[in-house]
Structures are given as structure tokens and as C-alpha cells.
Amino acid sequence: MCRAGNGHSMEKAARQGVGAMGRAYLCPVCKANRREFELVYKLAQEIVKDPDSGATLFCSDELTALLKEDGRPDLDVKCRQCGYVGAEAAFHRAALRDQKAL
Ligand SMILES: [Zn+2]
């Protein structure tokens, strides 16, 4: 009874390539990777718990992408070279910093 639906809003967000469009990334940790990343979407599912037994009484059918205040998905990025996972903004900032240093 507690299975997630197919998460249409999620698919839509992923198809749009959200946020990630046109922004350069550089891994802030290994500083060697500008090419190979994974986008990590944060998903929310509403549930209701019985506070005494801990049993899950209700699960929403849909997973929804968590959005930031500006309406863009709350994204993390994973570096496929060193495995570091961090906020999308951190990868973008690292790329900007690096360009200024040139
Ligand atoms: Zn890395």
C-alpha cells in the first residue's frame, strides 16, 4: 500500500534538464572533472505515521521533486570521477572561480 506512483512531476523535471542547462561545472573536490556528472534529484513523498507504533498510515502516491524558492529543482551533482556529491551551486561556483583564475 505504500508504493510510490510513477512521479510524473519528476519525469518532467528530468526531461527539461532543469537548472543544469548551460551552466559549467567543475568538481570542487578533485578539480579535475568538468565533463562527467550525475544529477541527483531530491524527491519528497508525503507520509503519515502513527506516533505510538511508528506504523505508516498513509503514503502519497506521488513523489514530487523538491523545489527551491526560485522554482527550480533542488539538485545535487555527483562527480563521476571522485564520487563527491554536493549542491549543484557548488559545482557551478567552482567552475566560475576556475575561469576567473585563468
Ligand atoms: Zn571530483
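Two strands pair if DSSP finds at least two bridges between them. In this predicted model, three strands pair in that way to form an open sheet in the order β1-β6-β7, and the pairing is antiparallel. The protein as a whole has two helices and seven strands, and from the N terminus on its elements run α-β-β-β-β-β-β-β-α. The mean pLDDT is 85, with 78% of the residues reaching 70 or more.

**Confidence and overall make-up**

- Among the elements, helix α1 (residues 8–16) has the lowest mean pLDDT, at 60, whereas strand β3 (residues 47–49) has the highest, at 97.
- Where pLDDT is low, the predicted coordinates should not be read in detail.
- Of the 102 residues in the protein, 11% are buried.

- The largest nonpolar core consists of seven residues, namely Tyr25, Leu26, Cys27, Leu75, Val77, Cys79 and Phe91.
- Strand β6 (residues 75–79) gives the most to this core, with three residues.
- The covered face of β6 carries Leu75, Val77 and Cys79, while Asp76 and Lys78 lie on the uncovered face.
- In a regular strand the side chains alternate between the two faces of the sheet.
- Val77, which is one of the core residues, is in contact with Tyr25, Phe37, Leu39, Val40, Gly86, Glu88 and Phe91, leaving aside its neighbours within four places in sequence.

**Two hairpins**

- Strands β6 and β7 form a hairpin with five residues between them, and in its turn Gly83 has a positive phi of about 85 degrees.
- Strands β3 and β4 also form a hairpin, with six residues between them, and in this turn Gly54 has a positive phi of about 80 degrees.
- Three bridges join β3 to strand β4 (residues 56–59), the two running antiparallel, and the bridge partner of Val48 in β4 is Phe58.

**Individual residues to look at in the model**

- Val40 lies in strand β1 and, leaving out residues up to four places away in sequence, touches Leu75, Asp76, Val77, Lys78 and Val85.
- Val40 and Val85 are 45 residues apart in sequence, yet their C-alpha atoms are 8.4 Å apart in space.
- Because a residue counts as buried only if 20 or more other C-beta atoms lie within 10 Å of its own, and as exposed if 12 or fewer do, Val40, with 15 such atoms, is partly exposed.
- Lys31 is found in the loop between α1 and β1, and it has a positive phi of about 50 degrees although it is not a glycine.
- Most residues other than glycine have a negative phi.
- Lys31 is partly exposed, with 14 other C-beta atoms within 10 Å.
- Glu62 lies in the loop between β4 and β5 (64–65), and this residue is likewise partly exposed, having 16 other C-beta atoms within 10 Å.
- Glu62 and Leu43 are 19 residues apart in sequence and 9.6 Å apart in space, from C-alpha to C-alpha.

Methods. Residues are numbered from 1 along each chain as its sequence is written. A nonpolar core is a set of buried Ala, Val, Leu, Ile, Met, Phe, Trp, Tyr and Cys residues joined through C-beta atoms within 7 Å. Helices (H or I, at least four residues) and strands (E, at least two) are DSSP runs, numbered from the N terminus. Two residues are in contact if their C-beta atoms, placed from the backbone, lie within 7 Å. pLDDT is the predictor's confidence in each residue, from 0 to 100.
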